[in-house]
Amino acid sequence: MSRKVDKIGAAAARRLALAAQGFGIQRPGGASNLGHVKRAIDRLGLLQIDSVNVLARAHYLPLFSRLGNYDSAHLDELAWGRRSRRGLFEFWAHEASLLPLASHPLLRWSMARAAAGTSKSKGKLQEFGREKAAYIEEVRREVEDRGPIAASELADGGPRRGPWWGWNDGKLALEWLFFAGIVTTATRRGTFERVYDLTERVLPANIQALPTPSPEEAQRELLRLSARALGVATEFDLRDYYRLPVADTKARLAELVEAGDLIPVEVEGWKQPAYLDPAARQPRRIEARALLAPFDPLIWERDRTERIFDFFYRIEIYTPAAKRKHGYYVLPFLLGDRLVGRIDLKSDRANSKLLVPAAHLEPGIEARDVAEPMREELRLMADWLGLEDLALPRAGALGREWSRMGK
């Protein structure tokens, strides 16, 4: 007998997704602490790392969206602090990511596949691993003897190349060792340069001693974590969160449904079947206000963003300036449970200003309803970044409204 599939309305699905991502609760009153940061990361499951620094690096911004004016040094301590205080590690999950240490055993199957050359991702890196095994072992021994070490400090890193971001053989060898879990990030230096050391010397001993689950159980748990972070999601949404293999995901989803760990549902307006986290909160109302970075887990999957919020969003960093529609580094603005606008932002550190080159409203949204909460959020961001001034635009509906308000 086929199971009856529950139906969820579009607005309810939107609130489920927001609550799962931490937008169903108030920001901490007063100063946030290390515990707030840890709990926010545990809720999300991971933070994507990106090198763009026009505003702030990508891994810092989702915490600001949820906590407000928090101390980013707390995140630095968790990610790259002393071994005894470390709470995060870096690995390829949803792209390059910071993850809670408790997730390390859940990704060892992926590391093992990379080491064996059977991983389905990072094809060129896997090819390098097969062709340069002897050289990679030389680099591993150098890390063992000298680490922590950056790629630029290797004795024989080789000349820079064209492909792979201009990486030389030394950087490729270190990245292969990183992908295989043999080395990991000990710290970051200067302009965010990764410094490598043997994983056994970086991660706390109690984490390394945790048992390694089977690939099947690890994948089931990663999908459970995805479901908790998403609330309600399609198969692709769940798979994309940790970039799991297609065939493995399909098999594990069937097992999770059979066990009652995921509930099949139909969502109004969604073409694909969906799955509900049985523990998901279903608030009647969301009162949120947040600027969302392009790599925020709420919106990083663009089709899901459009499906949930009716909001078409593409980052335009690599679009020629003359062809950009909204700006270079554009952040959607969440108000209540809707994405009501988008703001192009830049941190002018030399002049201590948060620049707002452009601000756009979504169709049907009135400037008078958005201008004040948007300005307050921008002021909060400027304070968090340590910038004294906020440079608002004068053009457009929002610019005119801000000018009328005298702000």
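**Aromatic contacts in the predicted model**

Tyr241 is buried (under 20% relative accessible area, with over 50% counted as exposed and values in between as partly exposed, for a 1.4 Å probe and protein chains only), its relative accessible area being 1%. Trp300 likewise counts as buried, at 9% relative accessibility. The model is predicted, so that local features need pLDDT of at least 70 and side-chain atom pairs count only at pLDDT 80 or more, whereas totals for chains, interfaces and linings use all residues. Residues are numbered from 1 along each chain as its sequence is written, and side-chain values use heavy atoms, with hydrogens and water left out.

Rings of Phe, Tyr and Trp (its six-membered ring) were taken to pair if their centres lie within 6.5 Å, with planes under 30 degrees apart counted as stacked, over 60 as edge-to-face and the rest as tilted. The count by this rule is eight aromatic pairs. One of them is the tilted pair of Phe91 and Phe178, with 6.1 Å from centre to centre and 35 degrees between the planes. Because Phe91 belongs to strand E3 (residues 88-93) and Phe178 to helix H8 (residues 169-179), this pair ties together parts that are 87 residues apart in sequence; helices (H or I, at least four residues) and strands (E, at least two) are DSSP runs numbered from the N terminus. Both Phe91 and Phe178 are buried. The pair of Tyr241 and Trp300 is also tilted, since the ring centres lie 5.1 Å apart and the planes at 50 degrees.

Phe64, Tyr70 and Trp384 form one aromatic cluster.
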